[in-house]
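Subject: Structure for you to look at

Hello,

Here is the structure I said I would pass on. Please open it alongside this email, and my notes follow below.

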Amino acid sequence: MNIQEALNIFGLSGELTEDDIKKAYKKAALKYHPDRNPLGAELMKAVNAAYDFLMQNLSNINKYQSADKQAHYNYTEELEDILSMLSGLMGVVYEVIGNWVWISGDTKKHKETLHTAGCKWAFKKKQWFYRPEEHKSTRNRKEHTIDEIRVMYGTNGQKAATGWQRVEKRA
């Protein structure tokens, strides 16, 4: 995650203060609280990761946000749309780590739907993923396992199951 990606979680831009970030976090936490939003548990993972990142980089926020106005948007709305789509796919399991969504389970029959939605296949991890479009990986980066990525973003590995898997858990 970079500063612009973290700001896009909150839809923030311009000269920002610590108070601006705290207010945006509080607003997002209320909107995406799991008691108010069925996708809230997963959405809050992205909100919390962005907030932690921004608070650790307060001195750089105004210096390193993108000057390109097209790079400023509300990624959380886009993320909510993707999670809504995924929650309707039978047998698919998804997990938000940072601001990426990792998708596993019975994805083969949903390949076209995932591809059309902008998801990409991670060959080495054997999973689909969805990420902010502006995030560009560099080839020189170290490859991380899903468990290493979870540790980096402080997630506990809980995944949101969809379709028949949710029904089985209730029984």
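In which loop is H110 found? H110 sits in the loop between β2 (100-105) and α6 (111-116). Please keep in mind that this is a predicted model. H110 has a relative accessibility of 12%, so H110 counts as buried, the cut-off being under 20%. Leaving out residues up to four places away in sequence, H110 touches L89, M90 and V92.

Now the overall picture. The protein has eight helices and five strands. Their order along the sequence is α-α-α-α-α-β-β-α-β-β-α-β-α. The protein has 171 residues, and 44% of them are buried. Of the contacts between residues at least 6 apart in sequence, 65% join residues at least 24 apart. The exposed surface comes to about 10000 Å², and carbon and sulfur atoms supply 51% of that surface.

Next, one pair of helices. Two packed helices are described by the angle between their axes and the distance between the axes. For helix α2 (residues 18-31) and helix α3 (residues 40-56), the axes come within 10 Å and cross at roughly 170 degrees. Angles over 145 degrees count as roughly antiparallel, so α2 is roughly antiparallel to α3. On the α2 side, the residues that meet α3 are E18, I21, K22, Y25, A28 and A29. On the α3 side they are M44, V47, N48, Y51, L54 and M55. Sorted by class, this contact has nine nonpolar, one polar and two charged residues.

Last, the aromatic rings. The structure holds five aromatic pairs. One of them is W100 with W102: the ring centres are 5.7 Å apart and the planes are at 20 degrees, so this pair is stacked, as planes under 30 degrees apart are. Both W100 and W102 are buried. W100 and W102 also form one aromatic cluster together with F129.

How are the rings of W121 and W128 arranged? They form an edge-to-face pair, with 5.7 Å from centre to centre and 70 degrees between the planes. Is each of these two residues buried or exposed? W121 has a relative accessible area of 39%, so W121 is partly exposed. W128 has a relative accessible area of 8%, so W128 is buried.

Regards

Methods: Residues are numbered from 1 along each chain as its sequence is written. This is a predicted model: local features need pLDDT of at least 70, side-chain atom pairs count only at pLDDT 80 or more; totals for chains, interfaces and linings use all residues. Side-chain values use heavy atoms; hydrogens and water are left out. Helices (H or I, at least four residues) and strands (E, at least two) are DSSP runs, numbered from the N terminus. Buried means under 20% relative accessible area, exposed over 50%, partly exposed in between (1.4 Å probe, protein chains only). Contact means heavy atoms within 4.5 Å. Accessible areas come from the Shrake-Rupley method with a 1.4 Å probe; for residues, only the protein chains shown count as cover. Axes are lines fitted to C-alpha atoms, for helices over the stretch in contact, and angles run from 0 to 180 degrees between N-to-C directions. Angles under 35 degrees count as roughly parallel, over 145 as roughly antiparallel, 65 to 115 as roughly perpendicular and the rest as oblique. Ala, Val, Leu, Ile, Met, Phe, Trp, Tyr, Cys and Pro count as nonpolar, Asp, Glu, Lys and Arg as charged, and the others, Gly among them, as polar. Rings of Phe, Tyr and Trp (its six-membered ring) pair if their centres lie within 6.5 Å; planes under 30 degrees apart count as stacked, over 60 as edge-to-face and the rest as tilted.
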